[in-house]
Amino acid sequence: MALIVGVKKGGTRALLEFLRLHPDVRALGSEPHFFDRCYDRGLAWYRGLMPRTLDGQITMEKTPSYFVTQEAPRRIHGMSPDTKLIVVVRNPVTRAISDYAQTLSKTPGLPSFRALAFRHGLGPVDTAWSAVRIGLYAQHLDNWLRYFPLSHFLFVSGERLVSDPAGEMGRVQDFLGLKRVVTDKHFYFNATKGFPCLKKAQGSGRPRCLGKSKGRPHPRVPEAVVQRLQAFYRPFNLKFYQMTGQDFGWD
Ligand SMILES: Nc1ncnc2c1ncn2[C@@H]1O[C@H](COP(=O)(O)OS(=O)(=O)O)[C@@H](OP(=O)(O)O)[C@H]1O
């Protein structure tokens, strides 16, 4: 079994939809939220939700909130210590603005990004705000490493998933021990959408981009605000590069 455990707004839907093109992957379409919100329902409930697999096929789901859920690593380890874990990460500043854009689309009249990101005007960064807190990747990863060795993780660059989907999918398929079936032949860049899309979607066989909620326009955030947040995240990003042995190029 393999789980896409995060991060929210990292590109988790794109990754799951791309993986579903692979004949040896069977994935749940919706987010089950078992290891965070629905754990009380029990493992039998969870197993019942998951698609049936044949020998040699991999069962998958994605729930981005697992990455920031304190109990998730212990619970997943309890289910199976062999679980492979995929985390799609993206520049935490862009991720925070994307998260804010999503909340804004559901809550018109929300205070500005700047008002939520800093306490007392342009005071200290408000790490209690979830849009900020989720981006502290090194801290969340620390919690996971108490249960799983680093070799169980694959960190996917959310940026490269957009600029080079086939390249990133190559790494993902290798990590999962799958043949490289999903390749550059499956993607085209849709200029209207501004993102890579599928030449032939599962089922219809027709070209398909992700929906409107993926690739939303972001509200304009003043450059000074972006710079301050970028500086705030820098030490956490560097720690995360050290922990993963990968430089994501956000700094
Ligand atoms: N191919 C393709 N098409 C559309 N969107 C793409 C794609 N690849 C990555 N992305 C980026 O995915 C971002 C949404 O991330 P998630 O799917 O993880 O969001 S969620 O947490 O499930 O809500 C979404 O964030 P926003 O651009 O801020 O909307 C996209 O930038």
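This briefing describes the aromatic pairs, nonpolar cores, ligand surroundings and selected loop residues of one predicted model.

Because the model is predicted, local features are reported only at a pLDDT of at least 70 and side-chain atom pairs only at pLDDT 80 or more, while totals for chains, interfaces and linings use all residues. Residues are numbered from 1 along each chain as its sequence is written, and side-chain values use heavy atoms, with hydrogens and water left out. The structure holds 25 aromatic pairs, its largest nonpolar core has 29 residues, and 24 residues surround the ligand.

**Aromatic pairs**

- Rings of Phe, Tyr and Trp (the six-membered ring of Trp) are counted as a pair if their centres lie within 6.5 Å, and planes under 30 degrees apart are called stacked, those over 60 edge-to-face and the rest tilted.
- Among the 25 aromatic pairs, F18 and F187 form an edge-to-face pair, with 4.7 Å centre to centre and 70° between the planes.
- This pair links distant parts of the chain, since F18 belongs to helix α1 (residues 12-19) and F187 to strand β6 (residues 187-190), 169 residues apart; helices (H or I, at least four residues) and strands (E, at least two) are DSSP runs numbered from the N terminus.
- F18 is buried at a relative accessible area of 4%, and F187 is buried at 9%, where buried means under 20% relative accessible area, exposed over 50% and partly exposed in between (1.4 Å probe, protein chains only).
- F34 and Y39 make a tilted pair, 5.1 Å centre to centre and with 45° between the planes; F34 is buried, with a relative accessible area of 1%, whereas Y39 counts as partly exposed at 32%.
- A cluster linked by ring pairs comprises F67, Y137, W144, F148, F153, F155, F240, Y241, F248 and W250.
- The charged end of K84 sits over the ring of F175, 5.5 Å from its centre, a description that requires NZ of Lys or CZ of Arg to be within 6 Å of the ring centre and within 35 degrees of the ring normal.

**Nonpolar cores**

- A nonpolar core is here a set of buried Ala, Val, Leu, Ile, Met, Phe, Trp, Tyr and Cys residues joined through side-chain atoms within 4.5 Å.
- In the largest core, of 29 residues, those with the most contacts inside it are V5, F35, I76, W144 and F240.
- Two or more residues of this core come from each of β1 (2-6), α3 (72-79), β4 (84-89), α7 (137-145), β5 (153-157) and α10 (223-244), and α7 gives the most, with four residues.
- I76 touches L3, V5, F35, Y66, T83, L85, W144 and F148, leaving out residues up to four places away in sequence, with contact meaning heavy atoms within 4.5 Å.

**Ligand surroundings**

- Of the 24 residues that surround the ligand, the closest are T12, K62, S98, G215 and H218, a residue being counted as near if one of its heavy atoms lies within 4 Å of the molecule.
- An oxygen atom of the ligand lies 2.6 Å from an N or O atom in the side chain of H218, and a ligand oxygen is 3.1 Å from an N or O atom in the side chain of R90.
- For R13, a backbone N or O atom lies 3.0 Å from an oxygen atom of the ligand.

- A cis peptide bond, with omega of about -10°, joins G6 and V7, and V7 lies in the loop between β1 and α1.
- K9 is placed in the loop between β1 and α1, is buried at a relative accessible area of 13%, and has a positive phi of about 65° although it is not a glycine.
- H33, in the loop between β2 (25-27) and α2 (43-49), likewise has a positive phi, near 50°; H33 counts as buried at 9% relative accessibility and touches C38, T63, S65 and Y66, not counting residues up to four places away in sequence.
- Q246 is found in the segment after α10 and counts as buried at 19% relative accessibility.
- Leaving aside neighbours within four places in sequence, Q246 is in contact with F155, R160, R171 and Y241, and the backbone oxygen of F155 lies 3.3 Å from a polar atom of the Q246 side chain.

Note on methods. Polar contact = N/O pair within 3.5 Å; in protein donor to acceptor, adjacent residues only side chain to side chain.
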